[in-house]
Amino acid sequence: MKKTLCIMLILCLVSPLGVQKVAAESDFELSKSEINILSIPNVLRYDFLITNNTPSKGLKHPEFRGHYYPQPSMEIAVIPGKKLSSVMSRFPRSSTFKLNPVGGSSQGDLRTQKKVLFSVEYKIKKNADLKKVREYATDSTVIIFDGLKEVAEFPLNR
């Protein structure tokens, strides 16, 4: 009985792709966004200022001599709509249409800080009309992931 209940609970929490869907309310806000087309490298760049209304105060990262320290992944992704998908490069070997990332960064830890700037860059299809890319760039949704769990979702077309 306990084993069956455990399995049912796990199946309820995990979707077929292993990603848990975002709750209706979230502690995060998309404070600002900026979209740029970089024509020389043929890249669509998004910059987002994300606010965490309830940052963790007690979370500490291990101190060591290097510059990089591993931390649980807190990431963002831009999920394209049909129009944006038509002008963007697809991530290879993906069963769903995912944008092909070419760069990205964050300037902080969204778990412990009130405001963090994120940047993500995606490859535009070769010979795509850059005016259409600019026009379609908001045909997308920004999702914040804490590991595999979606913790916030922001449609850009509003």
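Analyst: A salt bridge here is a side-chain nitrogen of Lys or Arg within 4 Å of a carboxyl oxygen of Asp or Glu. This is a predicted model, where local features need pLDDT of at least 70 and side-chain atom pairs count only at pLDDT 80 or more, while totals for chains, interfaces and linings use all residues. Residues are numbered from 1 along each chain as its sequence is written, and side-chain values use heavy atoms, with hydrogens and water left out.

User: OK, how many salt bridges does a search of the whole structure find?
Analyst: The search turns up 3 salt bridges.

User: Which residues are linked in a network of salt bridges?
Analyst: Arg45, Asp47 and Glu121 make up that network. Arg45 meets Asp47 at 2.9 Å, N to O, and Arg45 also meets Glu121 at 2.8 Å, N to O. Helices (H or I, at least four residues) and strands (E, at least two) are DSSP runs, numbered from the N terminus.

User: And Asp47, buried or exposed?
Analyst: Asp47 counts as buried, at 14% relative accessibility. The cut-offs: buried is under 20% relative accessible area, exposed is over 50%, and partly exposed is in between (1.4 Å probe, protein chains only). Glu121 is buried too, at 17%, whereas Arg45 is partly exposed at 25%.

User: Where's the partner of Arg111?
Analyst: Arg111 sits in the loop between E4 and E5, and its partner Asp146 is in strand E6 (residues 140-146), 35 residues apart. Their side chains meet in a salt bridge of 2.3 Å, N to O. Arg111 counts as buried, with 14% relative accessibility, and Asp146 is partly exposed at 30%.

User: Switching to rings. How many aromatic pairs does a search of the whole structure find?
Analyst: There are 2 aromatic pairs. Tyr46 and Phe48 are stacked, 5.7 Å centre to centre with 15° between the planes. Tyr46 and Tyr122 are edge-to-face, at 6.4 Å and 70°. For the terms, rings of Phe, Tyr and Trp (its six-membered ring) pair if their centres lie within 6.5 Å; planes under 30 degrees apart count as stacked, over 60 as edge-to-face and the rest as tilted.

User: Which rings end up in the cluster?
Analyst: Ring pairs join Tyr46, Phe48 and Tyr122. Tyr46 and Phe48 are both buried, and Tyr122 is buried as well. Tyr46 is in strand E2 (residues 43-52) and Tyr122 in strand E5, 76 residues apart.

User: What about the surface, which residues form the positive patch?
Analyst: Lys32, Lys57, Lys114 and Lys115 form it. Patch residues have over 30% relative accessible area and no salt bridge, and like charges are joined within 9 Å. The place of a Lys charge is taken as NZ. Lys57 is in the loop between E2 and strand E3 (74-80), and Lys57 is exposed, at 72% relative accessibility.

Notes: Patch = residues over 30% accessible without salt bridge, like charges linked within 9 Å, V, L, I, M, F, W, Y side chains within 5 Å. Areas by Shrake-Rupley, 256 points an atom, 1.4 Å probe, with all protein chains shown as cover. Lys, Arg positive; Asp, Glu negative; His and termini not counted.
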